[in-house]
Amino acid sequence: MPAFGEVGVDGAPPPRRDYDILKQRVDLDVDFPTRTLKGSTEITIQPLAKDLRQISLHCRQCRPTSIQVSGINAKFEYEDPYKKSSMSSKSTAHQHQMLKERIQDALRPNPAPQLQITLPPKLKIQELRVDPAPAPATPSLQKQDADAMASVETPVLQNFQQPQQPQQPQFAPIKLTVEFVLDDHRDGIHWVGCDEDDKRYPYLYTKAEPYPGNSSSIFPCVDDGNSRCTWEFAIRCPKTLGDAFKKVQVDTSLPNGSAASAPSGDYLIDLSPEDAALELAVLCVGDQVDETTDTEDETRHTISFSLNEAVTARHVGFAVGPFEHVDLSAFRDLEEEAKLGQSAVKVSGYCLPGRSGEVENTCFPITGAVDFISVGGGKFPFPAYQVLFVDDLTYDAISVAGMSICSARLLFPQEIIEPLDRNTKILVRAAADQWSGVNIIPKEPMDTWATAGIAGYLTDVFLKTLCGNNHYRWEQKLAAEKVYDLDVDRPSIWDQGKFLHVDPSIREFVDLKSAVVLGILDRRLVKSSGSTGVMRIINKIFLNAKTGALTNCELSTIDLQRTCEKLGHNKLESFFKQWVLGSGCPIFHVSQRFNKKKLVVEMTIVQRQLERQTKPEFAPNNFMREIKEHVQEVWAPEIQTVFSGPMTIRIHEADGTPYEHIVEIKEPITKLEIPYNTKYKRLKRSRRAKERAVAEGAAGEEGSDALLYCLGDILDNEQDQQEWNLVDWSAEDEDKMGQESYEWIRMDADFEWIGKMHLVMPLYMYISQLQQDRDLVAQYESMRYLLGSNPHHVSLTILVRTLMDERYFYGIRVMAAEGLSLMAKDKLTEIGTLHLTKAFAHFFCDGDIKSMPRPNDFSSRVSFIMQCAIPRAMSKLRDIEGKVPNKVQRFFVDKLIYNDNSDNAYSDCHYVATLMTCLTDALVASHRIIEPKQTFEFNFDDDMGMEEDQEPINPNAAFEQEAVNVIERYRRLDEWIVTYQNIYSTTAIECLQKLTKAGVVKDKAKELLQYTRDSTADNVRIQAFHCLTEIGLARKSSVMKHLLYNLVHDRSPYFRDRLLRCFGEALGHIALSDGEEKAAAPAPVNDGGLIIEDVGSNEARRIEATRKTTPEGAIAALKIALGNDEVFKQALWYATTHPSLAIDEIGSFCDIAALLFDPVTSYTVTLKLPRPYRCEHMGKGKMRFIPHGNYRTKPSK
């Protein structure tokens, strides 16, 4: 890895140009029936050298027709990478390297310019006359930390003296005009509803990407990572849908005088009068400055936009369609409007007709998010904010200047509550990207973590104000746990910036970890400085960008570190080295002992991250990422032996008072002696013990009861304990607890570390922490320890009381439900089953579990979550035989049959889908086939024939058939009453896949294949293809051919992207031999007493042993399985060379072909045989050559 501050080879910036782009104007003419764009672009260029002779622009897919420089025609050279991607019909998959080399310069992350423009010799670069008077000193932002947070609009400036630099020569700008046509839209822009078979509303939008190369697919520009300029757009389009598709009146008379019959209808596509009257809205970056009606065609008009804020080419975009407008600013109260004043931003939502209600429900918090970040971080960087929802978008949301283009998959109506958290977070993150991601960009690819982390941190902080502190800490803890699980044998988040294009999961990981890292940085800064946190640092960075102190609004890792150190008054070199430039997470093993003689707590903290398994086994879902990183040589650095920094240790002593001690971790082994502060007796751990103490007259010391706050103190009377089969601590355990000198110990009490903390402490101390510590993270850690301990009846009692206590956060209660199923093993299975069934009956039934359930009531979202969580936990119960108890299986069937949602204001589709999944998991776990016992009987009765072989017996066949029929009923129901995002169909398909794989039902391949047709919804088709790969049908060449054919012939970028991922998982299943029946090894040959083993078997055994542990072994296994499959080879090459794929999709297929087939750098060339010609003189100097005679098959002598 290069040193901090250096740039790696892959992330090297383009060489310095001899010119800058000041401004670019784009004029576009939109034609919906032919799906073409015609227009011109005018680029204002600032020369930096007088001998400037050539200008390079990024341009692909669109065809430049003429170029002028300051009104003078200029010569140009243009190589369209899409034309270079066409291969000979005689080529095969072995020519993948030739194809990859042709398009290599156009692939992400840094495509090279394709349009080379030579300046005319007549054009002279004019040097401007510069006033020799000394230039005024450059203003600098004064160090006013307190005022920076209070006022962003009126910063205090102070002049400082700089040594005068020699003035550079300045030159007059030149204007470059390029006329172009875009009639092939494989990339950059997406048309919807313009085909006869596409019944959606017609519209178009730009497919914005986080990498350069998108805008240059639409019009010529400088499309690299850091070039910024101001923009103007003028878009000419029809006024209504009817005007866009109105048939042109043409002369239909035939040569023989008869008239041709005119096509039926007035429009080229099927449009009702209401649809034809819909106005086409034009959305674009910047402010709308003008709208003029076309003088030649009154049905068309031109709308002009101006963006005065300089942004990169990848951050511009536009859309044209019949969009409905939703004023999201109306959700802002009058008091908030007056408080914000002129800094209030107009927020608008746009969607297709009929979905405005969903936009209002989905985007309700967006205005609040924009206002919150504007107050805390600085004014919104663009004139207004627009949120557009479209179909077929690959990403959930992508941001351009002042506008977020979001997938319509994020929309949900008011009666749907399940996707609330996830979709809200995505939309808030898209708004935060406007500040950090669009306005502020990374200086180098390795600095992407900084902008991503700021946007993620702003998102988390706003959600904290929206959802509460408990929700915020819960999400932060889950994110930190996920970072720990994923950060194994990976490069640092700084180094991964060079490899974001390799796989989408890399960017997801960088987004995740960078936000968590800034979260722990905030807690450390606030603790050390007392006031300065990350929010104030972000405000300072935004202020520097606004005043020009942050050059080109480019943020680097060094800039962020210096700002943090300056405002936080603390050196952070060690922090950034560990968490930004380093990888991995620490693993602490902590042992503690109370020394009564010294009255101290002796602790030993040992770091053991070196003992962690570094490379997990491959899985189909991460197979392609592992292989790509292996091919790209993405290596992880050495594991850090020591993580250093402050750690807060909180000891809850006998009187219940927490005493905090901050220690500095510097060594692999840290030994501490923490002083003890109280002599009170330890608190009683149960109410029974407390009652006994009161009965005995033993009041607390000083006459006060120290137990002030205790959760889980329910179901404690004798009747409840008998009914729920609960037990408390034994007398021996209570005596042991009474002898302890402190209640419990918490490591990293302020949540300043990402990693694992193994604290050796008795179980009853963790139970005390669970019941008496108000901190949600402390409760989570107690639950994690409890679930990892040995199953015990007391543990089940603690878990069910946690589940039933509604004062706990819902996440802790969900963990308790899962813990009951996890710990209910062997003899405890009946107890765990009783607890879960009674808990469900208590909350959602009028009687016991066998009674009719109450009608669904999801007015409380916590109630909805628990109603889904308890059945999920019940499906994981296992008896001694490893099966789900019969009454639990019957419970799932009954709840699906008698589910009542008639009086519920919210949809129950996600709840029903959960029950279907739980029932399927229970059937799969409980499926047993009893083989008949072989008996040998001698029957000498000649009248009796031979007994027929007995077939295997399925004792649960009747119930399994009943359960499958219930699932099939909901699958068919979705065909008549469509649920939200077809969740019944997608869940039923997944259930059928599991049941088929387990042998519960017969082969359902035909049913699954029916869902892969073009007329099916995209999400259902994707789920069907995924299930086909899971049941092993991807090993059939015909299925792989079908998958690849659907991939290349579908116009939806989202469908192609998800199917390409499914294709990668299918290759993972084949490489890892998941579900493949192992063939019996050939018997050795006995040749005269000498046993000869198959020589090739050793190689096969080696591949079999390494296919799941090393990339080399997996690739070798994949080659053996598919390398000689001609059907697959032809299908893969057909997809690779198909004319509908985008350039990066072609590159992905070439990478897959490189794994399977050896490259061949030549192919067969077919030429026509020569033939004689005769010549005729046509007059006026014209000659005509006509072929005649036989073909010549032999060379002439």
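Tutor: Contact here means heavy atoms within 4.5 Å. On that basis, of the contacts in the protein with a separation of 6 or more, 73% are between residues 24 or more positions apart. The model is a predicted one, in which local features need pLDDT of at least 70 and side-chain atom pairs count only at pLDDT 80 or more, whereas totals for chains, interfaces and linings use all residues. Numbering starts from 1 along each chain as its sequence is written, and side-chain values use heavy atoms, with hydrogens and water left out.

The protein has 37 helices and 35 strands, taken as DSSP runs (helices H or I, at least four residues; strands E, at least two) and numbered from the N terminus. Of its 1197 residues, 52% are buried, that is, under 20% relative accessible area, with exposed meaning over 50% and partly exposed in between (1.4 Å probe, protein chains only).

Strands of a sheet pair through backbone hydrogen bonds, either parallel or antiparallel. Four strands form this open sheet in the order β29-β26-β25-β31, and the pairing is mixed; two strands pair if DSSP finds at least two bridges between them. Because β29 (669-675) and β31 (756-759) each have a single partner strand, they stand at the edges, and one side of each lacks a neighbour in the sheet. From one strand to the next, the twist averages 20 degrees; such angles run from 0 to 180 degrees between N-to-C directions, and axes are lines fitted to C-alpha atoms, for helices over the stretch in contact. Strand β26 (residues 600-607) runs antiparallel to β29 and is joined to that strand by seven bridges. Isoleucine 605 has threonine 670 of β29 as its bridge partner.

For context elsewhere in the chain, aspartate 187 lies in the loop between β10 (174-182) and β11 (189-192). Aspartate 187 counts as buried because its relative accessibility is 8%. Its side chain makes a polar contact of 3.2 Å with that of arginine 60, a polar contact being a pair of N or O atoms within 3.5 Å; within protein, one must be able to donate a hydrogen and the other to accept it, and residues adjacent in sequence count only if both atoms are side-chain atoms. Leaving aside residues up to four places away in sequence, aspartate 187 touches Arg60, Gln61, Tyr82, Lys207, Ser217, Ala1142 and Ile1143.
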